[in-house]
Amino acid sequence: MLLSLVAILLQLVAALQAFRIGRATRRRWPWTLISLAVLLMVAQRVLTIQLHQQSPDLWILPYRTSLEIGVTLLLVVGLEALVPILGGGRRLAELERRSREAEARYRQIVETTLDGVWTVDASGGTTYVNRRMAELLGYTPAEMLGRPMTEFLDPSAPGADGPARRLVPPATPTQRDVPWRHRDGHPVWTLVTSNPLVDPEGREAGTLALVTDISQRRAQEEALRESEATAQQQAEELRSLLDVVPAVVWIARDAGATRIEGNRAAHEFLRIPKGQNLSKSAPGADAPRHFTVLRDGVELAPEQLPVQRAARGEAVEGFEETVVFEDGECRTLYGSVRPLRDAAGEPRGAVAAFTDITALRSAEAALRESEERFRQFAEQSADVFWFIQVEPVRRVIYVSPAYEAIWGRPAAGLLADALDWLAGVEPADRPLVERAWAAQFDPAGPVPYDIEYRVVRATDGAVRWIRDRATLIHDAAGRVVRVCGIAADITARRRATAAERESARRVQLLVEASPLPIVSLDPDGRVAGWNPAAERTFGWAAEEVLGRPLPIVPAELQAEFRAELGETLGGTGLRSRTTRRRTRDGTELAVHLSTGPLRDAEGEVTGVVAIYEDITERLRIERMHQQFQERLLEAQKLESIGVLAGGIAHDFNNLLTMILGNAHLARADLPPDAPAQPSLQQIEQATQRAAELTSQMLAYAGKGRFVIGPVEVTALVQANLRFLQAALPAGARLELELPGSLPAIEGDPTQLRQVLLILVTNAGEALPDGKGRVTLRVGVEDLDRSYLLGTTTPQSLREGRYIYLEVADTGPGITPEVQARMFEPFFSTKFSGRGLGLAAALGITRRHHGSLRVDSAPGAGTRIRVLLPVSPAPARRRDGGAEGAPEAPPTSVLIVDDEEDVLRLMRTFLGRAGYEVHTAASGEEAVARFRARRQAFSAVVLDLTMPGMTGDEALAEIRRVDPAVPVILTSGYSEEEVARRCAGLAFSAFLPKPYLPAELIEEVRRATTARRPAAGHNPPPAAR
């Protein structure tokens, strides 16, 4: 058992020894295995002891234990012998460890230092840079390795090359400022401390450089140099400033103020050269003696002067003193003086600043004089001058006497209460005045007080217009303390301005309404005004030409236009001449141009006004004057013929009346189957055609009959086909396109027949060699404004339904030039023509409230349409009337005519109709008979044309006797002529000559029937 314990103890010692050897040699794992093996032996030994206790008969165990002890002793001895041997390796390992730790500490120091570390080899190539050095130049350490140090120098820096190159081996210990170039190009100034590196044999192996960034230091040094230069410059500027300021500045350098320096203004004021002593306390002859200083009129001794007092430590603020020079000139100074003290607070001098207020005091005196003059002026002025105190209490402190004259209120009331001013303002204008007054005090944005308002004069209630202006007066702190203003009576000016505006408005209206184009130009020739007449004449709208060069001047007249514009702008008066201008479509017009300068209120020329008169037509007429002279002679002949024809037609109508009446009586007296009946019928028809001829004669004489009534155009054409065919040449063919039934029109069949005949005759004459086709069409059509614009009189037509009567030919057509003149009187393209046909056709059509439309082109024939508005009444035919006399009560009728045969015939007609007939052969006889027996006559048939007292004069006398008696007028002239002559005289009906007996009887029957009822006292109807 004891042996086992010894074995266990030795084994534990061996295990511990093996562990120590592992730690010493820093190879722990093999020795740890040995220690574990020994420990296993210990565990085995413990197990063996336990087995022996259980089986004591195991005899081999003691011998085995002895063997283990021996082996363990050998192991312990061997390990103990290895410990010294292995101890040297342990020290070596310790040295290596310490070396590595030192290297790590050195590298950590180098990498974390704030300076750059840079090593180069003997050839100058970089062998090492720390992170700080690389960051200083903007690189990484890897980018700098191997590159020569000189590659990183800044060659642009002054003196950079020589010192920097001495860093490259062979080098000596140095310290100098070296500029490097940063990667981005800017220089980096450094302080470089360099030392040579040697190998173990003592040979130079490179250079070690310690680099410190001194860029900030150099910048500070540069800034310091600049600051010193700036301070020096500022000191010089301050000296210069003191010399240029107008204030007088004195500086005393000692406590006794025996030495005083001053700026240039001080020397100039005291009349002492620059550099000399200014102190009156200076000893000896240095003190200036040519001036004295007064305070309140008393001379001050040198020690009493403000500068000397301040030099002794007394501050003197805001005083005035007077300097009197030997020549008697007096100058007043206002200033302040303060002492200069040393670090201990003891006075060491003084500084004084003075302002020459001589001019100010003179200005104050002048101001007082000016205020007095202002007061005198305000007292005499027609305007109201006023001053209002704002702080501390708002009140009127002055108002001129004109206030009482304009406001009609006493000034004392305004001085007592400022609101008395507002009380005189027209109530409707008070809000305006209050807002304007408050706005001038608005801190966000004051609005100047300048308004116009009305006041009601208290004395007589008169309303006066006032322009009121004000100015704010501020104190030194910027607060408004007063408001001064002037109120002027502008009633007369307002009236004048209103009159001027009204005048300008009227001028503008005249320009706008002028039938002549009026154009104004600015000095550059651009259009400034363009009235509606200019738009109509030249074709350009105002918005197209305003602000642009005048477009109506032809290119060849531009130079002339510019020259005339320059002369007019130079002040030349009104000029008139004839020239040419063009329209928008290129048409050239002959114009009469009047130009003159436009002037402003000061009389300065601001532009040119031009008035144009289109004289193209007038010049054309003047060019044709000679031709018209010949045609005028012919027209005079025609007029003479017309007068003769009118007289003949009137007398002829009387003859036709007798022929037609007698033929009618003869037919009535003969049996219907009498052989003379056809002949008498032919006489009646021939008489009616003759009446139509006399109607045409009257038309040429200007007294034609124009009887309006419903007419059916198709029936009118059909009734005159024989005459129309006869008007065409033998080789012409008349084609008709006539509808069965059309609405009626209001017209005169005779006049419309004449229009139709004129158009068909002209169409036939247009056919070449008299051969071709003339088409006559009649129809109805609804016409709009666009179609009517192509007619001869579009302005007089309205949109609606029209009957058209169209005549078309296959002739050569009409040129545009001829179309423009084809309706002019006396214009004709035919050698023997008079040029009256189409003019007469147009006149007749216009009298029917219609128009003509021409569609033609050279080589395409001509088509002329007569457009007549549809009538709401149906057409009626004129016939002979009933053969038998109508039933009528016994009535007395007075017939007046200068033709005995007509009187006899009319007496016969009416007598057979059952009327009591009385006759008169003149107007005088008719009036006398009517006055004698005015109650006996139920109607009067009165001829208009008679010698002596005419029919209209007789009608006037009859109306004086009996305003209600029916009067039927007869005449060979038209109804329009009758209406003109009898204007204002009521008549019942008009009966044109010649007439049928039935027509006379019918008109008398109507007149007497209308008079017979109880209402017969009503006045007769007006002429139809």
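# A working chat on the predicted model

Reader: Where is P994 found?
Author: P994 is in the loop between strand 34 (989-992) and helix 32 (997-1011). Helices (H or I, at least four residues) and strands (E, at least two) are DSSP runs, numbered from the N terminus. This is a predicted model, in which local features need pLDDT of at least 70 and side-chain atom pairs count only at pLDDT 80 or more, while totals for chains, interfaces and linings use all residues. Residues are numbered from 1 along each chain as its sequence is written, and side-chain values use heavy atoms, with hydrogens and water left out.

Reader: Is the peptide bond from K993 to P994 cis or trans?
Author: That bond is cis, with omega near -10°.

Reader: How many helices and strands does the chain have?
Author: The chain has 32 helices and 34 strands.

Reader: And what percentage of the residues counts as buried?
Author: Of the 1024 residues, 39% count as buried. Buried means under 20% relative accessible area, exposed over 50%, and partly exposed in between (1.4 Å probe, protein chains only).

Reader: Changing topic, what is the phi of A257?
Author: A257 has a positive phi of about 55°, although A257 is not a glycine. The residue lies in the loop between strand 6 (248-252) and strand 7 (260-262). A257 counts as buried because its relative accessibility is 0%.

Reader: What about D296, buried or exposed?
Author: D296 is exposed, because its relative accessible area is 77%. D296 also has a positive phi of about 55° without being a glycine, and its loop runs between strand 8 (291-295) and strand 9 (298-299).

Reader: Which residues touch the most other members of the largest nonpolar core?
Author: They are V717, L776, L805 and V807, in a core of 36 residues. Such a core is a set of buried Ala, Val, Leu, Ile, Met, Phe, Trp, Tyr and Cys residues joined through side-chain atoms within 4.5 Å. Elements giving two or more residues to this core include helix 22 (713-719), helix 24 (749-766) and strand 26 (772-783). Helix 24 provides the largest share, 7 residues.

Reader: What is V717 in contact with?
Author: Leaving aside neighbours within four places in sequence, V717 is in contact with L724, L738, L756, L776, V778 and L805. Contact here means heavy atoms within 4.5 Å.

Reader: Which residues form the nonpolar patch on the surface?
Author: F652, L655, I659 and I683 form the patch, with about 320 Å² of accessible area together. Patches are made of residues with over 30% relative accessible area and no salt bridge; like charges are joined within 9 Å, nonpolar side chains (Val, Leu, Ile, Met, Phe, Trp, Tyr) within 5 Å. A salt bridge is a side-chain nitrogen of Lys or Arg within 4 Å of a carboxyl oxygen of Asp or Glu. Areas come from the Shrake-Rupley method with a 1.4 Å probe, and for residues only the protein chains shown count as cover.

Reader: Which helix gives the largest share of the patch?
Author: Helix 20 (residues 625-669) does, with 3 residues. L655 is in helix 20 and counts as partly exposed because its relative accessibility is 44%.

Reader: And H664, buried or exposed?
Author: H664, also placed in helix 20, is buried because its relative accessible area is 8%. The C-alpha atoms of H664 and I683 are separated by 9.2 Å, with the two residues 19 apart along the chain.
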